[in-house]
Protein chains: 4
Amino acid sequence: MGTTRTDLAVESLENLKKAKNFSSLEGVAVQESARCGFPVTAVAVTDETGAQAIGKPVGRYATVDLRPLFRRETDFFRRGCRCLSIELRNLLPSHLERGVLVAGLGNRAMTADAIGPLALENLLVTRHMVRRQPQQFRHFTPVAAVATGVLAATGMETMEHLRGAVETLRPAAVIAIDALAARERTRLCATVQMGNTGLVPGSGVGNHRKAVNAETLGIPVIALGVPTVIEVSHLGGTQDSEALFVTPRDIDAKVRELSRLIGYSITLALQEGLTVEDITGLLG
Amino acid sequence: MGTTRTDLAVESLENLKKAKNFSSLEGVAVQESARCGFPVTAVAVTDETGAQAIGKPVGRYATVDLRPLFRRETDFFRRGCRCLSIELRNLLPSHLERGVLVAGLGNRAMTADAIGPLALENLLVTRHMVRRQPQQFRHFTPVAAVATGVLAATGMETMEHLRGAVETLRPAAVIAIDALAARERTRLCATVQMGNTGLVPGSGVGNHRKAVNAETLGIPVIALGVPTVIEVSHLGGTQDSEALFVTPRDIDAKVRELSRLIGYSITLALQEGLTVEDITGLLG
Amino acid sequence: MGTTRTDLAVESLENLKKAKNFSSLEGVAVQESARCGFPVTAVAVTDETGAQAIGKPVGRYATVDLRPLFRRETDFFRRGCRCLSIELRNLLPSHLERGVLVAGLGNRAMTADAIGPLALENLLVTRHMVRRQPQQFRHFTPVAAVATGVLAATGMETMEHLRGAVETLRPAAVIAIDALAARERTRLCATVQMGNTGLVPGSGVGNHRKAVNAETLGIPVIALGVPTVIEVSHLGGTQDSEALFVTPRDIDAKVRELSRLIGYSITLALQEGLTVEDITGLLG
Amino acid sequence: MGTTRTDLAVESLENLKKAKNFSSLEGVAVQESARCGFPVTAVAVTDETGAQAIGKPVGRYATVDLRPLFRRETDFFRRGCRCLSIELRNLLPSHLERGVLVAGLGNRAMTADAIGPLALENLLVTRHMVRRQPQQFRHFTPVAAVATGVLAATGMETMEHLRGAVETLRPAAVIAIDALAARERTRLCATVQMGNTGLVPGSGVGNHRKAVNAETLGIPVIALGVPTVIEVSHLGGTQDSEALFVTPRDIDAKVRELSRLIGYSITLALQEGLTVEDITGLLG
């Protein structure tokens with residue numbers, strides 16, 4: 001099959017476990033738990049040894065297993081939003097008064113890459129409201145949103161696009177939503193990975209080659225991704241010159257549902273006191 | 001890999017050739033040629049023996065190899081349109097005064113399944129013009145268009161949707177545009193198959209289970225399809241409960257370009273005397 | 001200004017009142033009340049005298065004033081949905097086991113005419129689920145949906161499109177969502193009118209010239225419309241050959257919000273026991 | 001009617017002529033001609049006196065009357081593209097090796113404001129190609145594109161969005177496409193205005209309050225706009241708290257056609273040796 005790559009810290013861990021038959025790994029702390037009925041794996045990469053081993057920068061990662069959502073367990077949407085919003089809040093800086101820039105990466109015209117831009121449609125954007133009527137909206141965190149588009153349509157790299165926006169807005173943090181690649185079919189459209197180290201170059205469905213992180217942007221970058229594809233380099237014995245994507249058959253419905261979940265979850269993480277129903281009423 | 005299925009007559013032929021080491025097949029006539037610089041394979045299934053062997057109903061099929069298009073050979077778009085329009089015209093009834101209904105099958109929200117609805121955006125729709133000003137538009141073939149949508153969004157099968165439209169419009173023919181499955185990676189987004197036997201149930205990216213053909217609709221149905229996916233039932237040794245789709249990485253750009261090619265080609269086949277540039281100016 | 005036309009029964013009534021200084025009108029019963037905090041005007045046209053006077057067929061109409069929604073009064077979205085769903089349920093037949101076809105009329109590419117197709121994106125479509133797993137989904141009313149598109153894109157009239165679907169599905173009723181024309185600026189995007197007499201030809205933003213009603217379709221047709229435009233035939237003294245549309249500046253945000261309200265309200269009217277939050281989780 | 005505002009230099013001139021019965025105006029030179037069959041009015045504002053009188057900054061403006069296009073005169077699309085591309089080229093700097101950033105301003109979800117983002121879909125974006133394969137694409141001007149979105153969806157002003165992109169790309173010029181307001185109904189969707197002074201704050205359909213021009217961006221900004229609305233502050237005697245928009249009934253078809261014309265014309269102006277048909281083939 002020639003599957004080549006994973007963006008998921010939990011899959012890198014699994015591979016290491018298979019290869020080395022180890023029970024613990026230097027520089028990597030793993031903790032499994034559950035929140036609101038969803039299994040959560042927290043991975044802390046604590047030093048460069050761990051970073052080398054797992055192929056992820058030093059930092060904190062949380063992976064939520066979304067399968068209870070698709071089993072339609074009681075109250076699934078609200079519990080899913082609550083789980084994701086708490087995990088996300090834990091990765092964000094404490095003080096967000098300067099606001100948050102939410103970046104939807106990827107290609108709206110390609111289903112497997114559309115999670116970023118579609119999530120923005122389910123996000124409550126508030127920066128302009130807070131600026132115009134600061135007293136009335138004083139309880140809101142200012143939120144701006146940008147869909148960075150794709151190279152073929154803009155001629156610009158994601159990083160080129162975001163740097164300008166960050167320089168202009170000077171927010172407290174960036175949340176970057178993107179589609180990821182996984183190795184295991186069961187994780188496709190069934191997992192959310194968050195991390196406080198931004199996006200590693202080369203990740204995701206597209207070719208975002210310049211890192212989007214605290215080093216390049218100067219502020220914390222929280223990455224939030226969903227694996228939607230398995231990348232394969234050859235099929236049935238033939239080596240292909242160009243990689244192929246493997247996706248579930250119902251990718252469109254899954255991506256739409258996950259985008260809604262993510263947009264609502266980010267809104268809940270950033271705005272205290274709102275409910276799912278409030279967001280449905282307030283979305284533009 | 002467990003690749004299971006092809007919608008392409010040329011791939012069924014190849015399989016037969018490999019399996020039986022035959023040079024000719026009873027009930028199937030194959031002719032290879034070129035038109036406007038594009039390789040064309042014409043397959044005529046002449047009796048039930050041939051139909052059984054190749055897995056396609058008795059009828060005529062033409063497959064155009066589009067690779068010269070993506071090599072950007074001189075004048076590629078106009079030549080591609082001309083090639084497809086002539087092949088399509090050969091499959092259509094001679095008399096089209098009663099008009100043609102062009103059906104865009106598939107799911108606009110899923111890139112690999114969006115060729116049908118996107119092609120309609122590049123099609124010149126004329127039925128309403130001919131009806132309102134029959135004298136002014138007397139040289140136009142009346143063309144109506146319908147995007148049949150997908151079961152999850154409409155609750156209706158493609159066939160249920162089309163039957164009503166055909167009963168109301170009573171056109172001379174239906175042209176049904178759909179995404180197909182192929183076995184060979186090199187054919188993905190690089191081949192157009194046309195045939196005068198409609199759509200066989202179970203074909204395509206979706207699950208269009210009721211046949212769309214002359215028997216069920218009462219008029220000739222010309223199917224025009226592009227393979228955009230390889231269906232696989234298991235990856236890397238694991239049998240999956242649900243089939244997966246394999247697509248090229250640049251599926252979105254390919255689908256957009258092919259939709260434009262198909263919309264223009266159908267328009268050229270149906271309206272005499274128009275040029276590519278005319279259509280660009282006239283599209284709604 | 002040359003404002004020419006209204007689709008709203010309440011505006012026809014106002015005109016009559018101004019013109020005739022009457023307090024009651026033969027053949028027309030008007031009742032004002034409130035439901036869930038929203039003002040509701042119920043108009044019953046009881047005979048042909050009333051129908052002539054008010055320019056609407058004999059039947060029942062309910063108009064909901066949505067201004068509390070845009071004042072963001074407490075719990076506005078849930079209360080709005082509940083109000084509309086009850087009013088709609090009162091106009092629908094009692095028995096819906098055969099299902100309901102929801103038709104989104106109008107042009108998705110024109111903001112002021114997009115309420116119909118956009119509302120369908122917020123509607124729970126269930127017919128295919130009920131048919132596949134009748135036992136599991138036995139509590140659901142089967143709901144199918146069709147966006148009829150516009151003449152310029154399809155070459156077909158709305159009525160031609162719907163008749164086929166109704167003949168195929170044979171549902172208990174049609175709910176037809178459309179954009180309307182009003183005379184008063186304060187009603188634009190701030191009113192929902194429902195009625196059990198279908199759509200009168202010539203209404204709405206487009207030119208739906210063939211009636212969509214029980215007579216032409218053979219089953220009850222409940223129309224649900226929102227005025228989004230004022231039609232004017234001349235501006236500033238100049239008589240125009242072609243009518244113009246007047247819309248609010250924020251028409252896009254209003255139309256998006258109203259489409260969500262309408263999709264959720266219809267879903268609540270048709271499916272017992274669901275909540276707003278359930279629908280957010282279940283939408284495709 | 002309370003029509004309040006025009007973005008068109010030619011309408012400001014007309015008003016002055018009516019008011020003052022003048023034949024010439026100090027600081028303003030007007031020249032009427034025709035190009036490729038389209039009437040062109042060139043206005044040069046040469047000093048501050050002229051700028052005050054006409055309400056436009058010192059600079060050059062060209063207005064093309066597009067009515068021959070909609071009369072479908074022979075070869076209308078190609079001639080229209082050619083006319084616009086020559087007028088645009090005359091306003092651009094001579095040397096474009098550093099590339100051009102094309103900005104599509106406005107709201108894709110609002111038909112009357114969608115010309116900017118829709119035009120980008122008909123623009124050949126080349127910057128990434130030139131950077132990757134400079135030798136192969138050495139004859140292309142590098143073109144990048146950005147849709148700036150709207151305040152309610154991004155929380156950012158157009159200017160905030162563009163400044164970052166310009167700082168990153170450092171192009172030779174910006175071309176900013178926007179929808180405009182006119183006073184005369186006959187000019188709606190029938191005129192293109194270009195100018196080398198950027199966008200004056202407060203113009204257009206939205207509320208782009210910060211100037212987008214050479215002063216704020218540091219490089220030449222060529223504005224290209226089409227009037228799609230008449231703004232009115234009251235209708236039929238009632239003063240409204242909020243302005244309304246008046247648009248043609250067929251605004252969606254007009255906007256789509258004009259967006260195609262503009263995207264092709266900008267591409268022709270920037271890339272020597274291409275034809276309309278080439279662009280149709282090459283568009284992504």
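Let me start with a term: a salt bridge is a side-chain nitrogen of Lys or Arg within 4 Å of a carboxyl oxygen of Asp or Glu.

Now some housekeeping, everyone. This is a predicted model, where local features need pLDDT of at least 70 and side-chain atom pairs count only at pLDDT 80 or more, while totals for chains, interfaces and linings use all residues. Residues are numbered from 1 along each chain as its sequence is written, chains are lettered from A and ligands numbered from 1 in the order in which they are written, and side-chain values use heavy atoms, with hydrogens and water left out.

Let's stay with charges for a moment. Side chains of opposite charge can pair when their charged atoms come close. Over all chains, the structure holds 70 salt bridges. One of them, in chain B, joins the side chains of B:Glu257 and B:Arg72 at 2.7 Å, N to O. B:Glu257 sits in helix α10 (residues 251-270) of chain B and B:Arg72 in the loop between α3 (67-70) and α4 (76-91), so this pair ties together parts that are 185 residues apart in sequence. A word on those element names: helices (H or I, at least four residues) and strands (E, at least two) are DSSP runs, numbered from the N terminus.

Are these two partners buried or exposed? For that we use relative accessible area with a 1.4 Å probe and protein chains only: buried is under 20%, exposed is over 50%, and partly exposed is in between. B:Glu257 is buried at 6%, and B:Arg72 is partly exposed at 35%.

The side chains of D:Lys210 and D:Glu160 meet in a salt bridge at 3.9 Å, N to O. D:Lys210 is in the loop between β7 (191-195) and α9 (214-217), and D:Glu160 is in helix α8 (residues 158-169), so the pair ties together parts of chain D that are 50 residues apart in sequence. D:Lys210 is partly exposed at 34%, whereas D:Glu160 is buried at 4%. Coming back to my opening pair, D:Asp250 is partly exposed at 25% relative accessibility.

On to the interface of chain A and chain C. Here 16 residues of chain A are in contact with 16 residues of chain C, contact meaning heavy atoms within 4.5 Å. The buried area is about 1400 Å², with carbon and sulfur atoms giving 50%; that is the accessible area (1.4 Å probe) that two parts lose on being put together, summed over both.

In one of them, C:Glu277 pairs with A:Arg78, the closest N and O atoms being 2.9 Å apart. Elements giving two or more residues to chain A's side are α4 (76-91), α10 (251-270) and α11 (276-282), and α11(A) gives the most, with five residues. By type, the residues of that side divide into six nonpolar, three polar and seven charged. In that count, Ala, Val, Leu, Ile, Met, Phe, Trp, Tyr, Cys and Pro are nonpolar, Asp, Glu, Lys and Arg are charged, and the others, Gly among them, are polar.

How are the two copies related? A rotation of 180 degrees with 0.0 Å of shift along its axis superposes chain A on chain C, with an RMSD of 0.0 Å. The two copies are thus related as by a two-fold rotation axis, the superposition being by least squares on the C-alpha atoms of residues with pLDDT of at least 70 in both. Of the residues of chain A, A:Glu277 comes closest to that axis, at 2.9 Å (C-alpha). The same surface serves both copies, as 100% of the contact residues of chain A recur in chain C.

One last stop, in chain D. D:Arg127 is found in helix α6 (residues 127-132) and counts as buried, at 9% relative accessibility. Leaving aside neighbours within four places in sequence, the contacts of D:Arg127 include A:Gly155, A:Met156 and A:Glu160, along with D:Pro142 and D:Leu169.
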